Amino acid sequence: MRYSTKTQLLTGSAIVAAGLLLSSNAMAQDVTIAFSASELGATAYNPVAASNLNTATSLIYDRLVEQDADQSYHPHLATAWEETPDGMAWTFTLLDGVTFHDDTPFNAEAVQTWIASYAGTENEYLVEAIGSVDVIDDLTVRFNMDRPEPNLLYNLASAFMGVPSPTAYAALGEDFGVTAAVGTGPYELQSFEIGLETVLVRNEDYIWGSDLSENTGPGHIETFTFREIPDQSTAFLELRTGGIDLLLGVPTDFLQILEAEANIQVIQMPGTGISYMPINVTAPPFDDIRVRQATSMAIDQDSIVAAVYGGVGAPARNFLISSLPEADVNPSLNIMYDPARAGELLDEAGWMMGDDGVRVKDGERLSVDLFTANSTEFTRLTQVVQAQLAEIGMEATITVFDSSTIRDEYRRNAHQLAVRAYDWNNSDILDWFFSGNRLGYPNVSMWEDAEGQRLNDVAMTESATAAERIANFTAYHEYVLSQHLFVPIYQPTQNIAFNSTRISVPDPVRGSRFRQQSFMDIQIVE
Amino acid sequence: MILRYTFQRLLMLIPVSFSISVVIFMIVYLLPGDPIDNLLRVGSSAEDRAELVARYGLDRSLFVQYFVWIGNMFRGEFGDAIVLRRPVADLVAQNLPYSLTLGGLAFLFSSTVGMALGTISAIVRQPVLDRLMRGFILLGSTVPGFWLALLLILFFSVNLGWFPVSGAGGWQALVLPVLTIGFGGVALVARVTRVALLDAQREDFVTLLHAKGLSSGTILFRHLMPHALLPVVTILALRIGWILGGAVTVEFVFGRPGLGSLLIRALGQRDYPVVQACLLMLALAVMLGTLIGDVAQAAMDPRIREKKS
């Protein structure tokens, strides 16, 4: 009896051990990734209709065009393109031999059907300027434009312009991207549980990666499991304990802790947005441009990068990320720290330094409201801004709101100064935040100006070519800077952390974000 | 008799549900901010915004919106999520099983362990054990869930490596969340059980039972327990709502799907239909919990159903 129990135990252990061995072999080619906090909660892998797409989308679908970190455009499913000088037609040559995961061919007809499918969706704006699509031959399409759209390549490189299989798209209807997602990408959707995880398996036929990857296909990794972990501390602990191999979107606060871990490596890439402080030009004392200029000179961007962000990232000197050509403005317009000049300007404006270090004008103290949204990083930054404003004799009181409430406050015109951030790597962000048509929110500066609106309209609608667009947006950007509507503060980095004992990740990262092109080059190191 | 009582209690739920529906609806709309901001993209015009507001019927009066909503609820139509863009019923159906599993296990854990601990501390009555017990009870009722969750993760997952840090894969992933939510319940149930048993021991009939020569065990399980169970059942019934509410932060920390996670996400984006559906589910759970508690009490104690009927 005792013997048989022992045998059973032994047999049992052997089975368990074999199982463990097998599963560890299976695990070896499986890489687990946690999404960044900003991309949680996607409900469908549907580039055409979804409002929110995550990084895994870029592995299921390919795009016609890819954008590199320097914002240049690279061919992918389109091998070449040509724009007529008046901007009224674009011809794209398509890559030969590409098939969707459902084995239907990718060709000119597929592109035509795909572009038409945006009609009536909220992503329609991406193709709004395209009047019609002509199939020239099997691998050539022509977009006939209703108006010139120098931003077309940017749109085509967007995650929302991944190309789905027209057959599957029509067959699945509302369920497309939920029960199945069919593209031409290097990975196929195996399972998707909203809010929990997405499992992708390698597309063995894939040999058409873009030139942003070393490996053009098939991918090195068999399976990518993407997990949604809302709490940043939990995600960090998962990385530390080996529960995940790669963490996208590491908050800057966590970098120091992560770098102390022997098995964790961090990669930084340029960010796609800036933190800044909009100034409400309609709220006294900021209706006086001298007070606005003084405020902008009070913020010491370099010391903020060093003290708040531990030297990671870069100071922001104007409204656009440095890699955009339109950020290259007349250097005299860039906003630099100059407390002495700030003091002079405030003196000129009649705000004289009081005994308690706060300036006074006609018996009124220079006390202002400083709004911010409720996240740790914002709160810390806002406190430093508050201290720097105090240096020039401006007393700022901080109020913290949740992100939805604060937009209502802006619309009520209840604000003076605010610390906020945006994430967008295109110069049309200037129109979004400074057009007189959107006062309150997004135009938090409450700026209405005839010349500003004229320059905005020219940049937005009258640019025929990419070069013209750059010139027009640069002019508009320079005018915005001359009006002191905001204070640029910080350009964050995008941070990715991974378990270097398990995987290797390409560094530096190509592409404007860490997506398909980088995943293609991830390898197991064991 | 008990059927009649249950029926009466069910009838009382109608006005209660109505008031709750008004409160849930109003709270969501009175919050500053709206879901449309989360749908706008860089470049949207004021007209685009107005069109979206109209598409989701947010331009109608609150009164009209309420009746449209409650009408849909009666037909069992939860509508479509505005920001998440899926049918609300689908989202709830996907998340509810996770919440029910977690809540159910936490409830089971806190009631069984709590009653056992309460009973032990009532019969052993050793000063050291008693003090330990009271310390534990105090700790259990005051420690915030999200903090306890992180402590448990650090100890059991990071240091010992026994359980996964987060996620919903397999039973191992359930252990720490159940402990986190159940901990407060264990303390509460233990305290109530202990007090109820101590009170019952002082009753005259217990002296009589001892005098009759019954063993302590028989007295405890056959006579004292049924007596002491009454307040425990009340507390447990009220606990159902608390467990589901507590799950909101715990789901977040452990990265588990569930009604709580869904509610947090929808609330941040002001996705009205989803927030309303989640709140309604939680309110229903509390009402049902209370109902079950009341009926169970009535079944156990004839005085209750006689007094009320």
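How many salt bridges are counted between chain B and chain A? The points below answer this and then turn to the backbone of chain A.

1. The model under review is predicted. The count of salt bridges between its chain B and chain A is three. In one of these, D175(A) pairs with R86(B), and the closest N and O atoms are 3.9 Å apart. The cut-off for a salt bridge is 4 Å, so this pair, at 3.9 Å, falls within the limit.

2. Polar contacts also cross the interface of chain B and chain A: eight residue pairs meet the rule, both partners being at pLDDT 80 or more. On the side of chain B that touches chain A, the elements giving two or more residues are α2 (46-55), α4 (88-124), α6 (145-159), α9 (216-254) and α10 (259-268) of chain B. The greatest contribution is that of α6(B), with five residues. By residue class, this side of chain B comprises 20 nonpolar, eleven polar and eight charged residues.

3. As to the extent of the interface, 39 residues of chain B are in contact with 40 residues of chain A. About 3300 Å² is buried between the two chains, and carbon and sulfur atoms give 52% of that area. Within chain B, the residues that lose the most area to chain A are V42(B), R85(B) and R86(B), which together make up 20% of what that side buries.

4. Chain A contains a cis peptide bond between G217(A) and P218(A), with omega about -10 degrees. P218(A) is placed in the loop between β9 (197-202) and β10 (223-227) of chain A.

5. A cis peptide bond also leads from P284(A) to P285(A), where omega is near 5 degrees. The loop that holds P285(A) runs between β13 (273-278) and α8 (289-298) of chain A.

6. D362(A) is not a glycine, yet its phi is positive, near 50 degrees. This residue lies in the loop between β16 (359-361) and β17 (364-365) of chain A. Is D362(A) buried or exposed? D362(A) has a relative accessible area of 79% and is therefore exposed, the cut-off being over 50%.

7. N413(A), likewise not a glycine, has a positive phi of about 55 degrees. N413(A) is located in the loop between α12 (403-411) and β20 (417-423) of chain A. Its relative accessibility is 34%, so N413(A) counts as partly exposed.

Conventions: Residues are numbered from 1 along each chain as its sequence is written. Chains are lettered from A and ligands numbered from 1 in the order in which they are written. This is a predicted model: local features need pLDDT of at least 70, side-chain atom pairs count only at pLDDT 80 or more; totals for chains, interfaces and linings use all residues. Side-chain values use heavy atoms; hydrogens and water are left out. Contact means heavy atoms within 4.5 Å. Buried area is the accessible area (1.4 Å probe) that two parts lose on being put together, summed over both. A salt bridge is a side-chain nitrogen of Lys or Arg within 4 Å of a carboxyl oxygen of Asp or Glu. A polar contact is a pair of N or O atoms within 3.5 Å; within protein, one must be able to donate a hydrogen and the other to accept it, and residues adjacent in sequence count only if both atoms are side-chain atoms. Helices (H or I, at least four residues) and strands (E, at least two) are DSSP runs, numbered from the N terminus. Ala, Val, Leu, Ile, Met, Phe, Trp, Tyr, Cys and Pro count as nonpolar, Asp, Glu, Lys and Arg as charged, and the others, Gly among them, as polar. Buried means under 20% relative accessible area, exposed over 50%, partly exposed in between (1.4 Å probe, protein chains only).
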